[in-house]
Amino acid sequence: QVQLVESGGGLVQAGGSLRLSCAVSGLTFSNYAVGWFRQAPGKEREFVAAIAWSGGSTYYRTSVKGRFTISRDKAKNTVYLQMDSLKIEDTAVYYCVGDESPPADSSWAAWGQGTQVTVSS
């Protein structure tokens with residue numbers, strides 16, 4: 001069973017940067033995807049970015065393209081989300097997710113516990 005543990009959240013001023021990490025364990029599938037969702041207060045969870053563990057293809061929601069970068073380090077079994085030029089509207093709890101066959105909605109199989117990202121003005 002895949003387990004995901006996030007770290008790296010915190011408080012940052014608008015325009016600043018944060019890097020989230022997701023430690024992945026129990027991964028036995030070569031064809032697997034790891035991604036990030038976020039949920040702001042009073043809003044639904046939304047997809048942020050994902051990466052194919054094997055080939056490294058990446059996917060982003062439109063509003064973070066050019067500001068966020070997802071990457072993975074296979075040797076460390078870790079996925080990163082580098083967030084630059086942060087905006088107040090990026091404030092949310094960020095969840096690391098994983099699935100062998102990523103769905104189009106938020107029903108990914110594995111979820112981390114979440115890490116808070118707060119962007120202040």
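When I call a residue buried this morning, I mean that its relative accessible area is under 20%, while exposed means over 50% and partly exposed lies in between, all with a 1.4 Å probe and with protein chains only. By that rule glycine 112, at 11% relative accessibility, counts as buried. Please keep in mind that this is a predicted model, in which local features need pLDDT of at least 70 and side-chain atom pairs count only at pLDDT 80 or more, whereas totals for chains, interfaces and linings use all residues. Residues are numbered from 1 along each chain as its sequence is written, and side-chain values use heavy atoms, with hydrogens and water left out.

Let me stay with glycine 112 for a moment. It lies in the loop between E10 and strand E11 (115-120), where the strands (E, at least two residues) and helices (H or I, at least four) are DSSP runs numbered from the N terminus. Glycine 112 is 17 residues from tyrosine 95 in sequence, and the two are 5.7 Å apart in space, C-alpha to C-alpha.

Tyrosine 95 counts as buried at 12% relative accessibility, whereas tryptophan 111, at 26%, counts as partly exposed.

What sits over the ring of tyrosine 95? It is the charged end of arginine 45, 4.3 Å from the ring centre, and that charged end also sits over the ring of tryptophan 111, 4.4 Å from its centre. The criterion here is that NZ of Lys or CZ of Arg is within 6 Å of the ring centre and within 35 degrees of the ring normal.

Now the cysteines, where a disulfide is taken as a pair of cysteine sulfur atoms within 2.5 Å. A search of the whole structure finds 1 disulfide, formed by cysteine 22 and cysteine 96 with their sulfur atoms 2.0 Å apart. The link is left-handed, with -85° about the S-S bond. Cysteine 22 lies in strand E3 (residues 18-25) and cysteine 96 in strand E9 (residues 92-99), so the pair ties together parts that are 74 residues apart in sequence. Cysteine 22 is buried, with a relative accessible area of 0%, and cysteine 96 is also buried at 0%.

Two loop residues deserve a look at the backbone. Asparagine 77, which is not a glycine, has a positive phi of about 50°; it is placed in the loop between strand E7 (68-73) and strand E8 (78-83), and it is partly exposed at 37% relative accessible area. Serine 85, likewise not a glycine, has a positive phi of about 50°; its place is in the loop between E8 and E9, and its relative accessible area of 41% makes it partly exposed.

Finally, the largest pocket, which holds about 170 Å³ of space. Of the 13 residues that line it, the closest to its centre are Arg38, Lys43, Glu46, Glu89 and Asp90. On a 1 Å grid over the protein atoms alone, a pocket is an open set of points where a 1.4 Å probe fits, with protein on both sides within 12 Å along at least five of seven lines, and lining residues have an atom within 4 Å of a point. Grid points are joined across faces, edges and corners, and the volume is the space filled by probe spheres set on the points. The lining divides into 2 nonpolar, 3 polar and 8 charged residues, with Asp, Glu, Lys and Arg counted as charged, Ala, Val, Leu, Ile, Met, Phe, Trp, Tyr, Cys and Pro as nonpolar, and the others, Gly among them, as polar.
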